[in-house]
Amino acid sequence: LFAIRLPRVLLAAVVGAALSLSGVVFQALLRNPLADPYILGISGGAAVGAIVGMIAGASLLPFGVPGLAFGGAMVTVALLFGVAGSRGIRQVHTLLLTGVTINAFFSALIMFAVSLSSSDRLHSVLFWLMGDLSMAEGNEATLVGMAMLLGFLILFSLARPLNLLILGEETAMQLGVDAKRAKKILLATASLITAAAVSVSGTIGFIGLVIPHLLRLLLGADHRLLLPASALFGASFLVLADTIARTLMAPVELPVGVVTALCGAPYFLYLLHRRAF
């Protein structure tokens with residue numbers, strides 16, 4: 001119970017909370033329910049950084065793999081807004097398409113790294129890429145939990161500016177918000193907690209898409225309520241998804257990313273269809 005089950009449940013909870021929180025931020029800043037770290041390629045960038053760290057032996061260093069995962073996430077953010085430019089900020093579909101393209105590029109890099117992996121590590125690497133919590137340890141849950149808690153406190157302290165940024169940067173600035181500074185802090189914090197989650201669990205998609213959007217429909221757009229609710233529901237959802245992945249085809253264990261994708265991909269298509277038509 002304490003050596004296997006509890007660390008896995010705790011890790012699923014903090015990873016789900018972190019991904020859901022980052023989804024809230026990206027959807028608010030881009031003013032689009034289709035935005036989340038997975039769709040925008042930020043999870044893929046963090047995964048590339050983490051895999052580079054694993055291959056280079058950075059796992060032997062304190063915070064080596066999480067640090068490189070954060071670097072990969074920040075590089076992705078820079079590429080995303082650098083390639084899309086100011087036009088992409090105004091036309092969110094341009095930014096989303098840029099994210100999908102960057103994600104495809106990172107997927108190619110990841111597959112290249114996997115093809116170079118030794119055969120005895122190939123299965124574990126592929127499981128990790130699809131989202132894997134089976135190797136959960138107490139130290140990992142503590143590390144991600146600390147990053148998620150720090151990120152939550154920063155994001156919650158910026159809940160009012162985030163509420164105003166939804167109305168537009170000019171409106172927020174007229175109401176006394178330093179829009180550029182707030183956006184930089186929000187993007188860096190969301191990338192940090194995404195990188196921390198990806199570094200220990202792999203790329204688990206669609207949690208940052210589904211949970212924030214559903215809660216925004218139920219609770220409204222006030223981030224003073226939406227942020228803590230998203231953290232709690234994101235944690236609960238991933239714990240449930242991991243339980244299904246672990247027991248559905250027992251004794252065979254599915255990657256948890258398969259379960260979240262089966263739930264999230266149809267919902268993403270529904271949102272895309274509704275916005276297109």
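User: Let's start with tyrosine 38: is that residue buried, exposed or partly exposed?
Analyst: Tyrosine 38 has 30% relative accessibility and therefore counts as partly exposed, where buried means under 20% relative accessible area, exposed over 50%, and partly exposed in between (1.4 Å probe, protein chains only). This is a predicted model, in which local features need pLDDT of at least 70 and side-chain atom pairs count only at pLDDT 80 or more, while totals for chains, interfaces and linings use all residues. Residues are numbered from 1 along each chain as its sequence is written, and side-chain values use heavy atoms, with hydrogens and water left out.

User: OK, and how many aromatic pairs turn up in the whole structure?
Analyst: The search of the whole structure finds three aromatic pairs, counting rings of Phe, Tyr and Trp (its six-membered ring) whose centres lie within 6.5 Å, with planes under 30 degrees apart called stacked, over 60 edge-to-face and the rest tilted. One of them joins tyrosine 38 and phenylalanine 206 in a tilted arrangement, 5.4 Å centre to centre with 45° between the planes.

User: Why does that pair tie together parts that are apart in sequence?
Analyst: Tyrosine 38 sits in the loop between α1 (5-30) and α2 (42-56), whereas phenylalanine 206 sits in the loop between α9 (179-201) and α10 (207-219), so the pair links parts 168 residues apart in sequence. Helices here are DSSP runs (H or I, at least four residues) and strands likewise (E, at least two), numbered from the N terminus.

User: And is phenylalanine 206 buried or exposed?
Analyst: Phenylalanine 206 counts as buried, because its relative accessibility is 11%. Another tilted aromatic pair is formed by phenylalanine 105 and phenylalanine 106, at 5.9 Å centre to centre and 50° between the planes, and phenylalanine 106 counts as buried at 7% relative accessibility.

User: Switching topic, what does the secondary structure come to?
Analyst: The chain has 12 helices and zero strands, and buried residues make up 51% of its 277 residues.

User: Which residues make the contact between α2 and α9?
Analyst: On α2 the contact is made by Ile42, Ser43, Ala46, Ala47 and Ala50, and on α9 by Thr194, Ala195, Val198 and Ser199, where contact means heavy atoms within 4.5 Å.

User: What about contacts between residues at least 6 apart in the chain, how many of those join residues at least 24 apart?
Analyst: Among those contacts between residues at least 6 apart in sequence, 75% join residues at least 24 apart.
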